[in-house]
Amino acid sequence: MSDLPADSPALSDSDPHEVRSTVTRHVEALRREIGKAVVGQDEVVRQVVLTLLCRGHGLLIGVPGLAKTLLVSTVARSLSLEFNRIQFTPDLMPSDITGTEVIEENRDTGRREMRFVRGPLFANVILADEINRTPPKTQAALLEAMQERHVTAGGVRHELTEPFFVLATQNPIEQEGTYPLPEAQLDRFMVMIKVDYPSHDEEAEIIRRTTSGASDVVEPVVNAEEIERLQRWVRAVAVPEHAIDYALRLTRATRRPARGEQDQRPAFVRDYLAWGAGPRATQNLILSAKASALLDGRMAASIPDIQAVAHPVLRHRMHLNFQAEADHIAPDDLIDQLLGVTPDSAEASPAAAMLRTE
């Protein structure tokens, strides 16, 4: 998860009315500009904006033709940020994205010197298109930069430009010749966002727009300074202890018990889950819930905020076993059941009930 900015202010230091009006103004402007190019996909757009405000990175999953690339480029254009698209291919090397050192002659001294030439990662918004089509060493270079927010070349550290935001895309079909991201690297993404087919009316509007020759120009409406201010506000949103406890019970219910401990996982977790969500999942649940609350103009996150972000935060951290694949169980099915059996209060949980009967 991204580090907390050192200068995060307390939200109480800001006028709540100013915070609400500023957030509402920026979010509405973003939706209006993105809507000029992207039809529908409101929830996808919300999750992308939410991830940006959390200083996280997102992985977009969807079949070809759902405008994933258009969505990311439109977000970048509406944010007034530098945007680079990297098409991941089997022959892409790490230095192709991070940059490389070259030897050149200094015209003043006549001596040959090493100079670092920046790669396409040095931009604010990065589209890592079809990330699973490049070998693991190039994937690792990207994921390291995402985590550390800097690139090291020739022993010299080069800081990436803030805000730094990576949206990677992955095609769930045509897996031949691809390099699936391992679980540890998937965990680097704050959210996995599913992009589904548009509705009937949305698809009709897409057809009208793309076959008429008319096009709207997307204008930048939020700059880097304003984004960083929104990111600081997200960190300062309050979360009550009972909401943190709910998030903990949600993720810990997916984990195997330690040796000697009683297994209190729900039956469907024991039957279908090979490996559950780690502490980073709980961190991201809380942070995403804070951003969700702020986007709705509230200064405190609640349990419904956690439930609203549970699917994008947890679905790539729920590793199913062979039985789940045989029974056609998807991670979202398990998350639905998990939300259904996890009570809002710890006193009503199955573990607490078990303790009361002992």
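Select D305 to start; D305 sits in helix 12 (residues 303-314). Helices here are DSSP runs of H or I with at least four residues, strands are runs of E with at least two, and both are numbered from the N terminus. The model is a predicted one, in which local features need pLDDT of at least 70 and side-chain atom pairs count only at pLDDT 80 or more, while totals for chains, interfaces and linings use all residues. Residues are numbered from 1 along each chain as its sequence is written, and side-chain values use heavy atoms, with hydrogens and water left out.

Is D305 buried or exposed? D305 has a relative accessible area of 4%, so D305 is buried. Buried means under 20% relative accessible area, exposed means over 50%, and partly exposed is in between, with a 1.4 Å probe and protein chains only. Show the side chain of D305: it reaches the backbone nitrogen of S302 at 2.9 Å. That is a polar contact, meaning a pair of N or O atoms within 3.5 Å; within protein, one must be able to donate a hydrogen and the other to accept it, and residues adjacent in sequence count only if both atoms are side-chain atoms. Apart from neighbours within four places in sequence, D305 is in contact with A289, S292, A293, R298 and A300. Contact means heavy atoms within 4.5 Å.

Next, select A123 in the loop between strand 4 (112-118) and strand 5. A123 counts as buried because its relative accessibility is 0%. Which residues does A123 contact, leaving aside its neighbours within four places in sequence? They are E82, F83, N84, T161 and F164. For a distance across the model, pick the C-alpha atoms of A123 and A310: 30 Å separates them, and the two residues are 187 residues apart along the chain.

Now go to P163, in the loop between strand 7 (156-159) and strand 8. The peptide bond that joins E162 and P163 is cis, with omega about -5°. Most peptide bonds are trans, and most residues other than glycine have a negative phi.

- Q41 is in the loop between helix 1 and helix 2.
- E130 is in the loop between strand 5 and helix 5.

Select helix 5 itself, residues 136-148. Its 13 residues reach 18 Å from the first C-alpha to the last, close to the 18 Å expected at 1.5 Å a residue. The expected span is 1.5 Å times one less than the number of residues. Which residues of helix 5 are buried? They are T138, Q139, A141, L142, L143, A145 and M146. Colour what they pack against: helix 4 (94-98), strand 5 (125-129), strand 6 (150-153), strand 8 (165-170) and helix 6 (183-186).

Helix 8 (224-236) is next. Helix 8 has 13 residues and reaches 19 Å from its first C-alpha to its last, close to the expected 18 Å. At its start, a side-chain oxygen of N223 comes to within 3.2 Å of the backbone nitrogen of E225. The buried residues in helix 8 are I227, L230, Q231, W233, V234, R235 and A236. Their cover includes helix 1, helix 2 and helix 11 (279-295).

Move to H26 in helix 1. H26 is buried, with a relative accessible area of 4%. Not counting residues up to four places away in sequence, H26 touches V221, V222, E226 and L230.

The last stop is a cavity. The structure holds two cavities of 30 Å³ or more. On a 1 Å grid over the protein atoms alone, a cavity is a set of points where a 1.4 Å probe fits but cannot get out, and lining residues have an atom within 4 Å of a point. The second largest cavity has about 50 Å³ of space. To see its lining, select V27, L30, V49, L52, L53, L79, V222, I227 and L230. Helix 1 (16-37), helix 2 (42-53) and helix 8 each supply at least two of the lining residues. Which helix gives the most? Helix 2 does, with three residues. The lining has nine nonpolar residues, no polar and no charged.

Note on methods:
On a 1 Å grid over the protein atoms alone, a cavity is a set of points where a 1.4 Å probe fits but cannot get out, and a pocket is an open set with protein on both sides within 12 Å along at least five of seven lines; lining residues have an atom within 4 Å of a point. Grid points are joined across faces, edges and corners, and a volume is the space filled by probe spheres set on the points. Ala, Val, Leu, Ile, Met, Phe, Trp, Tyr, Cys and Pro count as nonpolar, Asp, Glu, Lys and Arg as charged, and the others, Gly among them, as polar.
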